[in-house]
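Hi,

Here is the structure I promised to pass along.

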Amino acid sequence: MSEYFFRTDALSVGYHGVPLIRDIALSLKRGEILTLIGPNGAGKSTILKSLTRHLAAICGDVRIAGDSLFKMPADAAARIISVVLTERVRGEYLSAWDVAASGRYPYTGRFGTLSGEDRRIVSAALAEVDASALAFHRFETLSDGQRQRVLLARALAQEPELIVLDEPTSYLDLRYQTELLALLQRLAHEKQITVILSLHELDLARKLSDKVACVSGDRIRHIGTPDQIFRPEIICPLYELPPNAWSPFNGSVELPQPDGTPETFVIAGCGTGTDTFRALQRAGRPFYAGILFTNDLDFPAAQSLAARVFAAEPFRPIDAAVTAEALAALRSCQSVLYTGVPIAEGNQALKALLDEARRCGTLQDNVI
Amino acid sequence: MHDHADNRTVLVFALLSFGLIGLLLFGTAVGSVRIRPEALLSILLQGGENAPEAAILFRLRLPRVLLAALLGGALSLSGCLMQAYFRNPIAGPFVLGISSGAKLTVALTMITALSRTWYLSSWSLVLAAFAGALISMGFVLLAARSIRNMSMLLVAGIMISYICSAVTEFLVTFAEDSDIANLHSWSQGSFSGANWSDVVVSALIVGAAMIASVFLAKPMGAWLLGESYAKSVGFNVRDFRLTLILLASLLAGCCTAFAGPVSFVGIAVPNLARLLLKTERPQLLLPACVLLGAVFCLGCDIIARCAFAPLELSISTVTALFGAPVVIALLIRRSKKRQMGG
């Protein structure tokens, strides 16, 4: 019918018949990874709950391999979609094996006894997430990272074609986050399992996703590939940030710029200045930064934190007008910080700034 | 790969089965008239109807031990279903107000029948108890429609239980003196009035409930992980919850009808079974609850009637003595775990 494995048609979702997000149009090929991003309370979980039939859709349909999800019998849907949720799993004597084995529910008979084949699949699922050694540990005693892997094993034991994960990295440290997402990527590539998840970590979403959907207000604002979505003009309005607060280069957001007239000038570059900019921000001291090439490692943080950045086009001699402006600003400052950027043929203007600071006696010995 | 777990399971079930058979024989033998083992066996196996002990054996001892075992199993099974329903090991038939509802309607039926000298069959008592349990449950379900939070639902159950107890007290206060004497022994909880008709009715109900619970084991296993995960594997949450509640109230009602309120069995035994088996799998837990509940209740009843013979203790006195420490230990462990952030 179409080349897409998964697609939604004019889907509207919400609670008690009131639509929260309208006209959702998503389409994915087999083995693609879609990430929902957006502010808290935007409705990412509501969308995911509707895709997994936990929540009845208000209108529209979800088609999986051409079949309507909402018209499918519950057990048929359970053989296609499995989930990893934020809901906490309790049960004092529940073992990791028990949790993973519960994924076999749609395949076992009336009494729920596992066949040899079921056991083999559960073992394989645990091995897939590198949790075989945990099988007979009590689930409650596992670390957050281990629990999340076991829950993913549960989802795999269900032999799904689509896995839906609601904020799977929430309680995980950096290493476990990376491990989990690498695992998802491998499953998508090797087993052609389609993955739909929500993430708060934009940097991870950007690295993992084939497609990204931005959820805010009553609709999906944008949908596209990471290079189409991770731009300041899309990300900043999505999270109601000031323009350029989020930088596509370091993928992060700085704390608010200090107010007031700058009395400090930072001569920075090559990434030597970013920590100094942040230290000044913490001390509440407004500052000038320069002269930075717009491709410099220090440039994104300077743009967010400095009262003014004296910027120069890369791969060209620094414009004399910019140098003059920077010198004027430097003279107005009580202190000048030099962060140790190398000065050579390409950035002789910095030497002029440094000499002027020495002449004025405002060059500080300590960086900060 | 499951050898260790399997050994434990086999051992626990073997011990419980032997324990139950042993206690059944022991309970039949001991009492104010002691029946010697060889006499007991010859009466049971060769049908020595004319032996001097036969009357005691068939009229008093056998119905009593069988009823204690059956109702112990029924209460534990009911408690286990309730705990599964709430995913909370502190739940039991009393917490939801189901036992109190049953007690109220049984008291009402007894007062009406006694004052008019009607004959009450075992079935009519069970029917009254089940009706009371269902009325309580109706209120709980009504509350559940607007209260999504499980712990708030438990509070609603406790309130319903207080209301039922208040009405029962009111009825007992205004009942005639002669009625109170009869009502009093029942409302304390006792297996002393056991007869064969009670045994047969209990056996039918407990047997049916056990068969039903075999079919409940699979959805109960999925339910254990939480409602959302349960839904995601494709089962009908609404039907499952209704079945669980109906079955639990029938079992709790049945027990209240024949033995009055028996405390702590429903809440303590499932937790003990979990501790013994070290599993949450309903396929093992449900039968273990029935066996352990039977052993627990039968043991307690033997103590109740033999410890201070000829004086007889109420069954709840003994079950509380053994059951309450289990619940206290459970509460302490839970709060410790919470403090540790678990």
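Let me start with a helix pair: helix 5 of chain A and helix 6 of chain A cross in a right-handed sense. Please keep in mind throughout that this is a predicted model. On the side of helix 5 of chain A, the contact is made by Gly145(A), Gln148(A), Arg149(A), Leu152(A) and Leu156(A). Helix 6 of chain A contributes Tyr176(A), Glu179(A), Leu180(A), Leu183(A), Leu184(A) and Leu187(A). By type, the residues of this contact comprise 7 nonpolar, 2 polar and 2 charged.

As for the geometry, helix 5 of chain A covers residues 144-157 and helix 6 of chain A covers residues 174-191. Their axes are 10 Å apart and meet at an angle of about 15°. Angles under 35 degrees count as roughly parallel, so that is how these two helices of chain A run relative to each other.

Finally, a word on confidence in chain B. Its average pLDDT is 84, and 91% of the residues score at least 70. Among the elements of chain B, helix 12 (residues 282-306) has the highest mean pLDDT, 94, while helix 7 (residues 177-188) has the lowest, 66. Where pLDDT is low, the predicted coordinates should not be read in detail.

Best wishes

Conventions:
Residues numbered from 1 in each chain as written. Chains lettered and ligands numbered in written order. Predicted model: local features only at pLDDT ≥ 70, side-chain atom pairs only at ≥ 80, totals over all residues. Heavy atoms only, no water. Axes fitted to C-alpha atoms, helices over the stretch in contact; angles between N-to-C directions. Helix = DSSP H or I, 4+ residues; strand = E, 2+ residues; numbered from the N terminus. Parallel < 35°, antiparallel > 145°, perpendicular 65-115°, else oblique. Left-handed = near helix turned anticlockwise from the far one by under 90°. Contact = heavy atoms within 4.5 Å. Nonpolar A, V, L, I, M, F, W, Y, C, P; charged D, E, K, R; others polar. pLDDT = per-residue confidence, 0-100.
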